[in-house]
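User: Could you take a close look at the place where the ligand sits and walk me through what surrounds it?

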Amino acid sequence: MSMIAAFYGGKSILITGATGFLGKVLMEKLFRTSPDLKIIYILVRPKAGQTLQQRVFQILNSKLFEKVKEICPNVHEKIRPISADLNQHDFGISKEDLEELLSSTNIVFHCAATVRFDDHLRHAVQLNVTATQQLLSMASQMPKLEAFIHLSTAFSNCNLKHIDEVIYPCSVEPKKIIDSMEWLDDAIIDEITPKLIGDRPNTYTYTKALGEIVVQQEGANMNIAIIRPSIVGATWQEPFPGWVDNLNGPSGLIIATGKGFLRAIKATPMAIADLIPADTVVNLTLAAGWYTAVHRPKSTLIYHCTSGNLNPCNWLKMGLQVLATCEKVPFEKAFRRPKADFTTTRFTTHYWNAVSHRAPAIIYDIYLRLTGRKPRVMKLMNRLLRTISMLEYFINRSWEWSTHNTEMLMSMLSPEDQRMFNFDVRQLNWLEYIENYVLGVKKYLLKEDMAGVPEARQHLRRLRNIHYLFNIALFLIIWRLLIARWQMARNVWVFIVSFCSKFLSYFRASSTLKL
Ligand SMILES: CCCCCCCCCCCCCCCC(=O)SCCNC(=O)CCNC(=O)[C@H](O)C(C)(C)COP(=O)(O)OP(=O)(O)OC[C@H]1O[C@@H](n2cnc3c(N)ncnc32)[C@H](O)[C@@H]1OP(=O)(O)O
Ligand SMILES: NC(=O)C1=CN([C@@H]2O[C@H](COP(=O)(O)OP(=O)(O)OC[C@H]3O[C@@H](n4cnc5c(N)ncnc54)[C@H](OP(=O)(O)O)[C@@H]3O)[C@@H](O)[C@H]2O)C=CC1
């Protein structure tokens, strides 16, 4: 019998960010392994013209929840969406809903955040710091609360090379930052942002670090744990391999590579690609929830959910496997044949951006214009290059995260729990995982049917022929221009032509003699 699954049975659980990538995988696992849980409250905001119920309906009807619906047919009765916007004071939760939440909740999983790297500091502070503070304040009024689990990121201290499972101080106290955001205007915030984030690359990592300090300060009297995942990728095993539903992290770049948009990237090939599957993060999160509530550690424990120190994979290995899978099972309607070169200097990056990215985009836009269609490729390419410039920081460095708490937690699990809530990344086969990830991107993100693979292969062959024809035509044009303008080129041309004709006549003569 699984101790963790049994622990969540009969519990009332509050999840923020349940409509996000990790939140959905967390909810799915909870329902699948503890179908007898009492209720899951989810804080949801209406979005894209959808009501809360419509959003929940959409999640439950996705492929991710197929197994859950078999195991727990009344799953829809066990989800209680609560209208809440974490940008608002008190989250805009109604009085009745708040009373119910405060009186019933046993466990809180705080997943909601803005994960945009370039978010305005005011917004990032509001969501990643102030909302965390408010949620902790709510949690402190929950008489039945057993554990509060906060999702942070392994990159909250990415300004350090070696990161321990501790909370590091920031130069300015989070409370001062929260206060200042209330009265500073946007222009001043823009001016001080680089000074505040210091040697971190973006507002996301900075505000997640502030959020951790808030958790430590405000949650001193609660049972709290912090989970720090690295780069979260598609699911490894559960509920099935390769599930992913957003473009964050590597997923967007896998699409760009598979579709032939991205053909070179500035990355350090041997740097560690610290990916971690979403189901591994969720298993560790649930195990930490159980441990925090049952064993009540004296201090806030931080768990690094990373792969680099236990089972390292580098960007070269990842890039090659992405490419190999895209050749085996190509994406439909590729722009060019997939290729993944790693550039290491600014010069080569600019060169390949011009030759391999911008030039084909311009040529294709001209073609679109000539055929009476709206040019769009250059716009897409600029967006992609901007995205890459934001991710570059993370693919050109390696970090070391200590994992003592994570290993301790693993040793505390029963053999049954180690199997059911597996977060031992040493068992992960990277080549298999990356292949499933790419296939998952194709199926669940791009919604491409596997029946279209032969046509996609045919399309790649056509692109290869176009590529050869284009290169030959380009060579001939350049050569013609050189001959017209440069005596040396003419001499070389005369030499080649006479050499070929001599060779041909010798070949003809020798074959006549043999006859
Ligand atoms: C060979 C293989 C090598 C693989 C190599 C992988 C390296 C991978 C390193 C990751 C390293 C993370 C390490 C921290 C891990 C955490 O702790 S945080 C979680 C990760 N968070 C993220 O990844 C967020 C990153 N994204 C962003 O911050 C913003 O999207 C950006 C990059 C600033 C772009 O902002 P923007 O220009 O305003 O664009 P945005 O409105 O977000 O989206 C515009 C369009 O681009 C699309 N888009 C958004 N993101 C992407 C993307 N990543 N790619 C493509 N399209 C995208 C959107 O769908 C949208 O399309 P439309 O709906 O308009 O058709
Ligand atoms: N993905 C990754 O690579 C990593 C993620 N993490 C952390 O894991 C957690 C979950 O990340 P992930 O699932 O990928 O993120 P997503 O962007 O997929 O999900 C974010 C969630 O937060 C919710 N949210 C955002 N703003 C508000 C708001 N104003 N009010 C209510 N809800 C809001 C979103 O709701 P809505 O659907 O309405 O937008 C969504 O449910 C985050 O804390 C992140 O920092 C850590 C390391 C890596």
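**Around ligand 1**

Analyst: Let's start with a backbone contact: in this predicted model, a nitrogen atom of ligand 1 sits 3.2 Å from a backbone N or O atom of Leu-247. The protein covers 77% of the 1300 Å² of accessible area that ligand 1 has on its own. H14 gives the most, with seven residues.

There are backbone contacts elsewhere too. An oxygen atom of ligand 1 is 2.8 Å from a polar backbone atom of Phe-117, and a polar backbone atom of Val-115 lies 3.3 Å from a nitrogen atom of the ligand.

Now step back to the whole shell. Ligand 1 is surrounded by 24 residues, and the closest are Arg-116, Phe-117, Leu-247, Gly-249 and Arg-383. Sorted by class, the shell has 13 nonpolar residues, seven polar ones and four charged ones.

So where does that put the ligand in the fold? Domain 1 (9-245 + 280-310) and domain 2 (246-279 + 311-448) both give residues to the shell, so ligand 1 lies between them. If you want to trace this on your screen, Phe-117 is a handy place to begin, with its polar backbone atom 2.8 Å from a ligand oxygen. From there, go over to Leu-247, where a backbone N or O atom is 3.2 Å from a ligand nitrogen, and then on to H14, the helix that gives the most to the shell.

Notes. Residues numbered from 1 in each chain as written. Chains lettered and ligands numbered in written order. Predicted model: local features only at pLDDT ≥ 70, side-chain atom pairs only at ≥ 80, totals over all residues. Heavy atoms only, no water. Near = heavy atom within 4 Å. Polar contact = N/O pair within 3.5 Å; in protein donor to acceptor, adjacent residues only side chain to side chain. Areas by Shrake-Rupley, 256 points an atom, 1.4 Å probe, with all protein chains shown as cover. Helix = DSSP H or I, 4+ residues; strand = E, 2+ residues; numbered from the N terminus. Nonpolar A, V, L, I, M, F, W, Y, C, P; charged D, E, K, R; others polar. Domains from an automatic or database assignment.
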